[in-house]
Amino acid sequence: MEVTIIYDNEAYDKGLKADWGFACLVETDGGHRILFDTGANGDILLNNMEKLDIDPASIDEAFISHAHFDHTGGLSAFLGKNDKVKSYLPVSMSGISIPGNATFIDEAAELHDGVYSSGELSGTEQSMVCRIDKGLVVIVGCSHPGVNTILDAASQWGKPYALIGGLHGFREFELLRGLELVCACHCTQHRAGIEKFCQKQYNSGGAGRRLQL
């Protein structure tokens with residue numbers, strides 16, 4: 001499994017543009033290519049994808065964590081390049097019109113063998129959970145429902161191994177004990193504290209970062 005950060009507040013690859021928002025490409029062991037969130041700006045999203053040699057038409061599915069602009073702003077531009085993609089959106093977004101095949105997620109669901117949605121937690125956000133040999137990879141947008149709530153929801157499918165994405169104001173660092181990889185991105189406010197607590201388990205984010213799991 002590989003996760004490539006396409007859109008983030010910082011650029012890991014200095015040839016890419018940083019901007020407030022988050023998006024990443026999730027390539028699962030089962031062969032699925034899933035765009036997780038779309039950042040805030042479609043031009044930046046598509047430009048970063050081009051520089052990373054990611055063809056929008058090669059993506060099978062789009063997974064939107066929540067409705068905030070910094071996670072959905074690039075969706076229209078992406079769909080303009082790939083309107084055949086299957087989209088998974090939280091049920092709170094069901095009032096909007098999405099081209100292609102859209103599924104609105106309420107409860108926890110298996111999307112593919114070993115790929116799950118946490119369901120829309122606390123009426124705000126869904127997270128993606130991917131099962132690999134080492135455990136569960138949990139990918140989050142902003143963690144609005146709380147990291148504890150997200151990890152607890154993911155645990156129905158096994159033991160969390162990695163946590164990737166925006167962690168907002170999270171500072172209950174003890175919850176990260178036992179994780180083997182933590183990559184804090186986007187809106188994470190206490191990144192320095194997380195890095196200090198996790199030490200070797202911590203990986204920096206940034207547009208262009210590729211994580212092999």
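Select helix α1, residues 42–51, where Gly42, Ile44, Leu45, Leu46, Asn48 and Met49 are buried, buried meaning under 20% relative accessible area, exposed over 50% and partly exposed in between, with a 1.4 Å probe and protein chains only. Helices (H or I, at least four residues) and strands (E, at least two) are DSSP runs numbered from the N terminus. The model is predicted, with local features needing pLDDT of at least 70 and side-chain atom pairs counting only at pLDDT 80 or more, while totals for chains, interfaces and linings use all residues. Residues are numbered from 1 along each chain as its sequence is written, and side-chain values use heavy atoms, with hydrogens and water left out.

An α-helix has 3.6 residues a turn, so residues three or four places apart point the same way.

Next, show the side chain of Asn41, which caps the N-terminal end of α1 through a side-chain oxygen 2.9 Å from the backbone nitrogen of Asp43. After the helix comes Asp53, whose phi is positive, near 60 degrees.

Now select Asp37, in the loop between β3 (33–36) and α1. Most residues other than glycine have a negative phi, yet Asp37, although not a glycine, has a positive phi of about 65 degrees. Is Asp37 buried or exposed? At 0% relative accessibility, Asp37 counts as buried.

Move on to Gln199, in the loop between α5 (191–198) and β13 (202–204). Gln199 is likewise not a glycine and has a positive phi, of about 55 degrees, but Gln199 is exposed, with a relative accessible area of 59%.

The next stop is Asp133, in the loop between β9 (128–132) and β10 (135–140), which is exposed with a relative accessible area of 86%.

Finally, display the whole protein, which has five helices and 14 strands. Its radius of gyration, taken over C-alpha atoms, is 15 Å, close to the 17 Å that the globule rule (2.2 Å times the number of residues to the power 0.38) gives for 213 residues, so the protein is as compact as a globular protein of that length. Along its principal axes the C-alpha trace spans about 40 × 40 × 30 Å, and 56% of the 213 residues count as buried.

Conventions: A polar contact is a pair of N or O atoms within 3.5 Å; within protein, one must be able to donate a hydrogen and the other to accept it, and residues adjacent in sequence count only if both atoms are side-chain atoms.
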